[in-house]
Amino acid sequence: MTFKSLMLGACSVLAIAGVATGSAAAETLTIATVNNGDMIRMQKLTDDFTAKNPGIEVEWVTLEENVLRQKVTTDVATKGGQYDVMTIGTYEVPIWGSKGWLVSLNDLPASYDVDDILPAIRGGLTVDGELYAAPFYGESSMVMYRKDLMEKAGLEMPEAPSWSFVRDAAKAMTDKDAGVYGICLRGKAGWGENMAFLTATANSFGAKWFDMDWKPQFDSAEWKEALTFYIEMMNESGPPGASSNGFNENLSLTQTGKCGMWIDATVAASFVTNPKDSTVADKMDFALAPDNGLGKRGNWLWAWSLAIPAGTKQEGAAKKFVEWATSKEYLALVAENEGWANVPPGTRASLYENPEYAKVPFAKMTLDSINSADPQNPTVDEVPYVGVQFVAIPEFQGIATAVGQQFSAALAGTTSIDDALANAQRLTTRAMTKAGYIK
C-alpha cells in the first residue's frame, strides 16, 4: 500500500470518527408551539439561536391552538417526553407547576433579568416563588377598529367604550352588500377560543362561572343577558359563518378590510397595522375593551409562554432556548429584522420604557389593557376562583370546551340561547359534582 493510500485511509477514518462524535454530541430540541404570527417569526429567527449554541438543533411542531393544547396536555401529564419545550398559557402554568410537571426556571442567569418581567405577567407564571414558564408575549384584549368606517358612520370611538356604544357602532358600520361587517368576534368552540372571549365579556355583564359554593351559574339572568347580547349583535353586524371563526380567521377578515371592529388579543395589533399583511394598516386605531357600567371591562390577561416539561431529557439545552427566545436581546433582534411594531409585546417593563417602542401606536393601549385586568378579582361579585377568561382549576378546559360547543351552536342557530344555557348548566353541574366540588 502506498503512503498516499495510507494517508487517505487515515483521513477517512478520522472523518467518520468526527462525524460520529459530532452526531453523538448534537442535541435536537423538539419545540411545540401555536401557529400565531409571533411564533412564526420566532421560527424564522432560529438561526440566531443555533449560531450562538453550536451543537443544538431545533425541530418545530406548529399546531392550531386547540390541537396544541390537547397534545401538550397529554404529553406533559404522562411525562411522555415528546417535546422539550412547549408553548403554554397562563391557565396551564400554575396548575402544571404545582403538580411537578414543569421544570423550574428560577436558575436562569442574572443577565436574563427576571425582575424586568411585568408583575402581572410574571405572577401568573409563578407558583410558591418558583417561575415555571417564561413569557414569550403577554396580552390583554382591546377594540381594534377602522377609523375611516367610524368617521363615515358619524361616530367617534371613546377611549373606554361601553358595550351599547359598540353595538350601535357595529350596526352603523355594517355594509353587507360591500362585504363589510361592523363587528368580528370569536365564535369557534374551544375553552381558549370562544369561551375566552365570552367569559371575559360575561364578567363585564356581572356574570360568573360559579358562586362561592362552586355551583354553576349559567341559569342566571346575567349569563342570559351576556349571551343574548353577543348573539344578537353578531346576527345584526357580524360576518357569515362566525361560529367557525377564531383568532386567526378574524385576523384575516380584519386584515382584508372586512371588519369594522374586532375585539380580541392586543397582540394582534402588530398584524393589523403591518402594511405587508394588512390592506387597512393605516386605518386602524385602538380602544379599551368595552364595559357595561358595572366596574369590569371585558378584557382578559394572558401570556403565551415557553415551558420545559419534566419529561425532557435535554433540560440544559431547553433552558438555553427558553432564555434566548424570551430575552431582551431577542426583542432587539426582532426590532432589527422586523421593526419595533413587530416585537413580541407585553412581557418586559424595559420595552415600554424604550423611546422607540413608545412611538408604536398601540403600545400604550396594550400596557393599559394588561394593567387593567385583575385575575385575582375577575368578576363583579365575589367568586372562589382566579382567572379572567378562565377558571384556574384543572377541570376547566374540558368543561369550557363543552360549554363552548353549546354557545357556538347557539351562534350558528342550530340551538336556542335558552337551550344552550340549560345544557351548559347541566353539563357543568355534572362535571363539578363528579370532580367533588359540589355534592
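**Note on salt bridges and the disulfide**

1. Glu64, Lys188 and Glu249 form a linked network of salt bridges. A salt bridge here is a side-chain nitrogen of Lys or Arg within 4 Å of a carboxyl oxygen of Asp or Glu. Under that rule, the count is 22 salt bridges.

2. On provenance: this is a predicted model, in which local features need pLDDT of at least 70 and side-chain atom pairs count only at pLDDT 80 or more, while totals for chains, interfaces and linings use all residues. Residues are numbered from 1 along each chain as its sequence is written, and side-chain values use heavy atoms, with hydrogens and water left out.

3. Arg186 and Asp264 pair through their side chains in a salt bridge, with an N to O distance of 2.7 Å. Helices (H or I, at least four residues) and strands (E, at least two) are DSSP runs, numbered from the N terminus. Both Arg186 and Asp264 are buried. The accessibility classes are buried, under 20% relative accessible area; exposed, over 50%; and partly exposed, in between (1.4 Å probe, protein chains only).

4. Cys184 belongs to strand β8 and Cys259 to strand β9, so the link ties together parts that are 75 residues apart in sequence. The torsion about the S-S bond is -80°, and the link of Cys184 and Cys259 is left-handed. Cys184 and Cys259 are both buried. A search of the whole structure finds one disulfide, the criterion being a pair of cysteine sulfur atoms within 2.5 Å.

5. Helix α17 (residues 363-372) contains both Lys364 and Asp368, four residues apart, about one turn of the helix. Their side chains meet in a salt bridge at 2.7 Å, N to O. Lys364 is exposed, with a relative accessible area of 57%, whereas Asp368 is partly exposed, at 26%.

6. Lys283 and Asp282 also form a salt bridge through their side chains, at 3.6 Å from N to O. Lys283 is partly exposed, with a relative accessible area of 27%, and Asp282 is exposed, with 61%.
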